[in-house]
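Visitor: I'm new to reading protein models. Could you walk me through this one, feature by feature?

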Amino acid sequence: MNRLNEGGKTRHLVLHDYGMGGLWWWVWAGSAEEIVEACAEVEVVTEPDLVKRVETWSVAEIHLDDPEPNPLTSFRAKRDAQRGQPGFGALVGRDRVHLRSPEGEDGEVYLDELGPDGRRVRQIELRADGDAIRTTVEDWLFNPPSDLYDPQYAALEIGRDEFEDAWRRARREPAV
C-alpha cells in the first residue's frame, strides 16, 4: 500500500481530522514518525481498508520537504512553534493518557482518557452542580485526535488513579 520512491521515501496517507471532516494527502517521507514529528495535528493512516479506499480518491501527493508554501506549511509552522516548549512530546508513545480540561463557561470540567493515537476512549463531565456523567466512544458522533506532541496537553495531565476514581463515581446519562 505504501510505495517506495527512488529517493528512499515512502508514500504515507496523512489526515488532518478536524471533527466534522478532514484534509487528506499522500505524503512522501522517510517514515511515518518523521511526518508527525514535523507537522502538528496530523496523523498517518495505516488501516489497510481505509488506505485502499482512499487510493480511489483524488488526493494530492506532496513531499514532506517540498518548498513552502505547500499544504503542510501551517502544520509545520505550528509544530515548529511547539518544539522546545516544556512538555513537547511528553505524552507520545503511551498506552493511555489522562487529562483534565480547564473549567468551561458553565463551570464544567472534562476528564479525558486518550489512547495512543490521541483519540478519546472515555470521558467524564464534572458538572458545576457536582453531578458527574461518563461517556465512551459509542456516545460520540465525532472523535478527532488530540496531538500528543502538543505541549499544552502535558500541562493538563492527571494520574490514572484520579481518572479511575472519578469514573467510578460518575454515572451514565440515560438515553433519551
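Visitor: Let's start simple. How many helices and strands are there in the chain?

Guide: Keep in mind that this is a predicted model. The chain has 5 helices and 9 strands. Going along the sequence, they come in the pattern β-β-α-β-α-β-α-β-β-β-β-α-α-β.

Visitor: And what size of box do the C-alpha atoms fill?

Guide: Taken along the principal axes, the box is roughly 60 × 40 × 25 Å. The chain has 176 residues, and 42% of them count as buried. Its accessible surface comes to about 10100 Å², with 50% of that belonging to carbon and sulfur atoms.

Visitor: Now the sheets. How do strands hold on to each other in general, and what order do the strands of the open sheet have?

Guide: The general idea is that strands of a sheet pair through backbone hydrogen bonds, either parallel or antiparallel. Here, an open sheet of 5 strands has the order 5-6-7-8-9, and its pairing is mixed. At the edges sit strand 5 (97-100) and strand 9, each pairing on one side only.

Visitor: Can you zoom in on one pair? In which sense do strand 5 and strand 6 pair?

Guide: They're antiparallel, with 4 bridges between strand 5 and strand 6 (residues 109-114).

Visitor: What about the inside? Which residues have the most contacts within the largest nonpolar core?

Guide: That core has 15 residues, and the ones with the most contacts inside it are Trp25, Val27, Ile35, Val42, Leu64 and Leu72. Strand 2 (22-29) and helix 1 each supply at least two residues of this core. Take valine 27 as an example: beyond its neighbours within four places in sequence, it touches Thr10, Arg11, His12, Val14, Ile35, Ile62, Leu64 and Leu72. There is also a second, separate core of 9 residues, including Leu111, Ile124, Ala132 and Ile158.

Visitor: On to charges. How many salt bridges does the count come to?

Guide: The count comes to 20 salt bridges. One of them joins the side chains of aspartate 65 and lysine 9, at 2.7 Å from N to O. Aspartate 65 is in the loop between strand 4 (61-63) and helix 3 (73-82), while lysine 9 is in the segment before strand 1 (10-17), so the pair links parts of the chain 56 residues apart.

Visitor: Is lysine 9 buried or exposed?

Guide: Lysine 9 counts as buried, because its relative accessibility is 19% and the cut-off for buried is under 20%.

Visitor: Which residue forms a salt bridge with arginine 11?

Guide: Glutamate 55 does, with the closest N and O atoms 3.4 Å apart. The two are 44 residues apart: glutamate 55 is in the loop between helix 2 (48-54) and strand 4, and arginine 11 is in strand 1. Arginine 11 is buried at 5% relative accessibility, whereas glutamate 55 is partly exposed at 36%.

Visitor: Which residues do salt bridges with shared partners join into one network?

Guide: Those are Arg96, Glu113, Arg122, Arg160 and Glu164.

Visitor: Last one: the backbone. What should I look for, and which peptide bond is cis, with omega near 0°?

Guide: Most residues other than glycine have a negative phi, and most peptide bonds are trans. In this model, the bond from glutamate 68 to proline 69 is cis, and proline 69 is in the loop between strand 4 and helix 3. Then look at glutamate 41, where phi is positive, near 60°. Glutamate 41 is in the loop between helix 1 (32-38) and strand 3 (43-45), and it counts as partly exposed at 31% relative accessibility.

Key:
Residues are numbered from 1 along each chain as its sequence is written. This is a predicted model: local features need pLDDT of at least 70, side-chain atom pairs count only at pLDDT 80 or more; totals for chains, interfaces and linings use all residues. Side-chain values use heavy atoms; hydrogens and water are left out. A salt bridge is a side-chain nitrogen of Lys or Arg within 4 Å of a carboxyl oxygen of Asp or Glu. Buried means under 20% relative accessible area, exposed over 50%, partly exposed in between (1.4 Å probe, protein chains only). Two strands pair if DSSP finds at least two bridges between them. Accessible areas come from the Shrake-Rupley method with a 1.4 Å probe; for residues, only the protein chains shown count as cover. A nonpolar core is a set of buried Ala, Val, Leu, Ile, Met, Phe, Trp, Tyr and Cys residues joined through side-chain atoms within 4.5 Å. Contact means heavy atoms within 4.5 Å.
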